[in-house]
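Here are my notes on the metal site and the pockets. Please read them with the structure open.

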Amino acid sequence: MKFELSELHYDLDALEPYISKKTLELHHRKHHQAYVSNLNSLIARTKFKDLDLETIVRVADGPVFNFAAQVWNHTFYFEGLLPGNNKTLKGPFADVIKNNFGSVSFFKNLFIRSGVSLFGAGWVWLVLNPDGSMEIVPKSNAGNPLHIGLFPLLTCDVWEHAYYLDYQNRTQDYLEAFWKLINWEIIEKRYNEFTAIAD
Ligand code: FE
């Protein structure tokens, strides 16, 4: 299977002022594209060449896992953003968050703190455990929850390429800005899909 770069469902300047056009352009057209191209080269003529991306992320290790997960993670990250959103989390899904973390503000602070304290490059995930409980899981490098049997709901890319042009070393400012762009409807939809499978 030859993988292709997933399209963004918004314009390159749509996330401004939180994420600049320059950052998004580099991030999507250069970094994300490079992961796709490298994955295609790497798996050609291997046992992975006919598998779908999610299966490769679940079963592969080493360089194949790294590139496949980076492709998957970036698509998931970009899909979870909504330009001009800046909406607070409310409604039934906010109650789910409160049941798991005590309050929405505690959840937000924990997520942001997990991103700031991640050593080196990586991803912060909100995941659903097999028992239905939620957890915030920081992962280094290309780390992906599917690989360890957890269900991803939300992720923030905390590789420097995601924010350095806009925020330099101010990782917390980037994470606060990211928070204003989260598409909670998509996160809730993912949650409902996973809980429907589990029922
Ligand atoms: Fe990235």
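This is a predicted model: local features need pLDDT of at least 70, side-chain atom pairs count only at pLDDT 80 or more; totals for chains, interfaces and linings use all residues.

1. Read every value below as computed from it.

2. Iron donors. Four residues coordinate the iron ion: H27, H74 and H161 through NE2, and D157 through OD. The distances run from 1.9 to 2.1 Å. Along the sequence the donor pattern is H-x46-H-x82-D-x3-H.

3. Geometry. The site of the iron ion is tetrahedral, with angles of 88 to 131° among its 4 donor atoms. For reference, the ideal angle for four tetrahedral donors is 109.5 degrees.

4. Are D157 and H161 buried or exposed? D157 has 0% relative accessibility, so D157 counts as buried. H161 has a relative accessible area of 19%; the cut-off for buried is under 20%, so H161 is buried as well.

5. Largest pocket. Its volume is about 210 Å³. The lining includes L82, N85, F93, I182 and E188. Helix α8 (residues 184-198) gives the largest share of this lining, 3 residues. By class, the lining splits into 5 nonpolar, 3 polar and 4 charged residues.

6. Second largest pocket. This one holds about 170 Å³ of space. Among its lining residues are N86, V104, S105, K108, E176 and W179. Two elements, α5 (104-116) and α7 (171-179), each give two or more residues. The largest share, 3 residues, comes from α5.

Terms used. Residues are numbered from 1 along each chain as its sequence is written. Side-chain values use heavy atoms; hydrogens and water are left out. On a 1 Å grid over the protein atoms alone, a cavity is a set of points where a 1.4 Å probe fits but cannot get out, and a pocket is an open set with protein on both sides within 12 Å along at least five of seven lines; lining residues have an atom within 4 Å of a point. Grid points are joined across faces, edges and corners, and a volume is the space filled by probe spheres set on the points. Helices (H or I, at least four residues) and strands (E, at least two) are DSSP runs, numbered from the N terminus. Ala, Val, Leu, Ile, Met, Phe, Trp, Tyr, Cys and Pro count as nonpolar, Asp, Glu, Lys and Arg as charged, and the others, Gly among them, as polar. Donors are N, O and S atoms within 2.8 Å of the metal (3.2 Å for Na, K and Ca); water is not among the atoms, so sites may look incomplete. Four donors count as tetrahedral if all angles lie between 85 and 135 degrees; four count as square planar and six as octahedral if opposite donors are over 155 degrees apart and all others between 65 and 115; anything else is irregular. Buried means under 20% relative accessible area, exposed over 50%, partly exposed in between (1.4 Å probe, protein chains only).
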